[in-house]
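Biologist: I'd like to learn how to read a model like this one. Could you walk me through it, feature by feature?

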Amino acid sequence: MQSSSAAEPSSAYSPTTRILVFIGLIMTMIMGALDQSIVSTALPTIVSDLGGLARMSWVVTAFMLTSTIATPMYGKLSDMFGRRPLLAFSIGAFLFASLLCGIAQNMWQLILFRGLQGVGAGGLMTLSQTVIGDMVTPQQRGRYQGLFTGAFAVSSVTGPFLGGVLTSALSWRWVFLVNLPIGLLAFALIMFSLPAGRSEAKPQIDYLGAGLLSIATAGFLLLFNSVGTSLAWTSPLTFLLFGLSLAVFYLFIRQERQAPEPLINLGLLRIANFSVCVAATGIMSFAMMGSLVFLPLYYQLVLGQTPATSGLMMLPQVGTMLVSSILGGIVSSKTQRYELLLAIGVGIEFSALSLIAYCAHHGAPPLFFLISLGCLGVGMGIGMPNATVIIQNSVPSNALGIATAMMSFIRSLGGSLGVALSGGVMALTLQHRLQAIADKIDISAFLEKGMVAIQALSPAMHAQVTEAYKGAISASLSVSSSFMFLAFLMIVGLMIRKVRLS
């Protein structure tokens, strides 16, 4: 049974309250999206300062692991206790962990604090999108989700540029400390304006389901992040970890079927629009995060750009995604052709990712990357808001929180697996390519220090090592484009099914 106690009807919001809440939610969305991308440009500098290139992907993966696990819990608990207290906890935990990240003294501390930061981050975008679903009618959701996607675009793609500027002008530590003023203002606006909502008298929390989900998710992410590097593909430990994770996930599904208040509503998966779009969203996130996290590394290690310049290289995606998300939201609200617009957006994303992988493999000039990223922004702006609208419009209003949380969970899980798998492909390919010149260089130095080790090479050796990095990163980009094509096929299949049924 789903509770509707947390949801406030759209009529409960006065125009002034709606504006203040919307501004606070936009800032919360910006903070969450910014932290997913701002770190990527600073990673080479962080590695140079703290060491640990082989553990670099864990700075991203630890954040996404804990945020992924926390996401469905926020959705379910917000349905029980109201949106406002869960938003307060989410923002507070995120800001405290951001401060800890800013003062980290070694790579392991940074990874730990990023994990704590993810606990708070799991609720930022999920609860923001859920509150928007509460505030507006289903017919208006396309327009508002388009505006949210525009804000997401500006923050997530401006993140690498801002991260580069902060790293070059101040320190990499400021990519975390910059969250504090944004978060405090968002917290004040939301606490002042958002209605408290109503909570269940005797809520039943699925603690066992939460524990099983945490173990299964952590197991899968550990596996994807380690296989091919610290774990061999055919190692007995690899098969053991996979089997245990699969077994725990099976126990989680059994628990959700019998729990009085399940953490994830499996009944929603019987809704074709919901299940297909949730799965496609996860695969899209897999492809996007697996590619965008490593592009700044390509720009800096292969093209020799500064952190600030590599961040500027992402700006075409900002502009095109901002424009296409706003215009796409208006068009979708007027036409209600959500599936068609989603298919168009994902198709453009697949084409753009394929172009980026091609450019990286052949070492194309920066102009070609700029054009490809501009196309990618167009596809993201059209696709992302329509996926959210389809999912929210497919479920009853009393299941809006858990439905949005399930979408965010699968999206976060997909992004985490994308970063982990792409990082594993990159590391494995890099090690293989460096073996050819192992007698001339210290491979462990490159796996530990990255850019600093490259800068100390002679011009001839620098070219060989750069070529190895180019092949490794382009291989991970090719994996991303392949998964985006799979998402495109799923969306097209949904459209064909709807046409046949009608």
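Biologist: With which residues is alanine 280 in contact, leaving aside its neighbours within four places in sequence?
Modeller: A contact means heavy atoms within 4.5 Å. Here alanine 280 is in contact with Ala487, Met490 and Ile491, once neighbours within four places in sequence are left aside. Bear in mind that this is a predicted model, where local features need pLDDT of at least 70, side-chain atom pairs count only at pLDDT 80 or more, and totals for chains, interfaces and linings use all residues. Residues are numbered from 1 along each chain as its sequence is written, and side-chain values use heavy atoms, with hydrogens and water left out.

Biologist: Is alanine 280 buried or exposed?
Modeller: Buried means under 20% relative accessible area, exposed over 50%, and partly exposed in between, using a 1.4 Å probe and protein chains only. Alanine 280 has 1% relative accessibility, so it counts as buried. It sits in helix H10 (residues 272-292); helices (H or I, at least four residues) and strands (E, at least two) are DSSP runs, numbered from the N terminus. Its C-alpha lies 9.4 Å from that of valine 346, 66 residues away in sequence.

Biologist: What does alanine 360 touch?
Modeller: Not counting residues up to four places away in sequence, alanine 360 touches Tyr298, Phe369, Lys470, Ser474 and Leu477. Alanine 360 belongs to helix H14 (residues 338-362) and is buried, with a relative accessible area of 0%. Between the C-alpha atoms of alanine 360 and serine 478 there are 9.5 Å, though 118 residues separate them along the chain.

Biologist: And where is isoleucine 182 found?
Modeller: In helix H7 (residues 179-193). Isoleucine 182 is partly exposed, at 22% relative accessible area, and its contacts beyond four places in sequence are Met27, Met31 and Leu34.

Biologist: Which residues have the most contacts inside the largest nonpolar core?
Modeller: A nonpolar core is a set of buried Ala, Val, Leu, Ile, Met, Phe, Trp, Tyr and Cys residues joined through side-chain atoms within 4.5 Å. The largest one here has 124 residues, and Leu110, Leu295, Phe369 and Leu376 have the most contacts inside it. Take leucine 110: beyond four places in sequence, it touches residues including Ile46, Leu50 and Phe176.

Biologist: How do I read a helix such as H13?
Modeller: Start with its span; the expected value is 1.5 Å times one less than the number of residues. H13 (residues 315-335) has 21 residues and reaches 30 Å from first C-alpha to last, close to the 30 Å expected. Its buried residues fall within an arc of 155° seen down the axis, so they line one face of the helix; the arc is that of the directions from the helix axis to the C-beta atoms. Among those buried residues are Met321, Gly328 and Ser332. After H13 comes glutamine 336, with a positive phi near 60°.

Biologist: Why is H3 described as largely enclosed?
Modeller: Because 14 of the 20 residues of H3 are buried, it is largely enclosed by the rest of the structure.

Biologist: How many helices and strands does the chain have?
Modeller: There are 19 helices and 0 strands. Of the chain's 502 residues, 60% count as buried.

Biologist: What is the mean pLDDT of the chain?
Modeller: pLDDT is the predictor's confidence in each residue, from 0 to 100. The chain's mean is 76, and 78% of its residues reach 70 or more. Over residues 1-6 the pLDDT is below 50, although that stretch has 25 contacts in the model beyond near neighbours in sequence.
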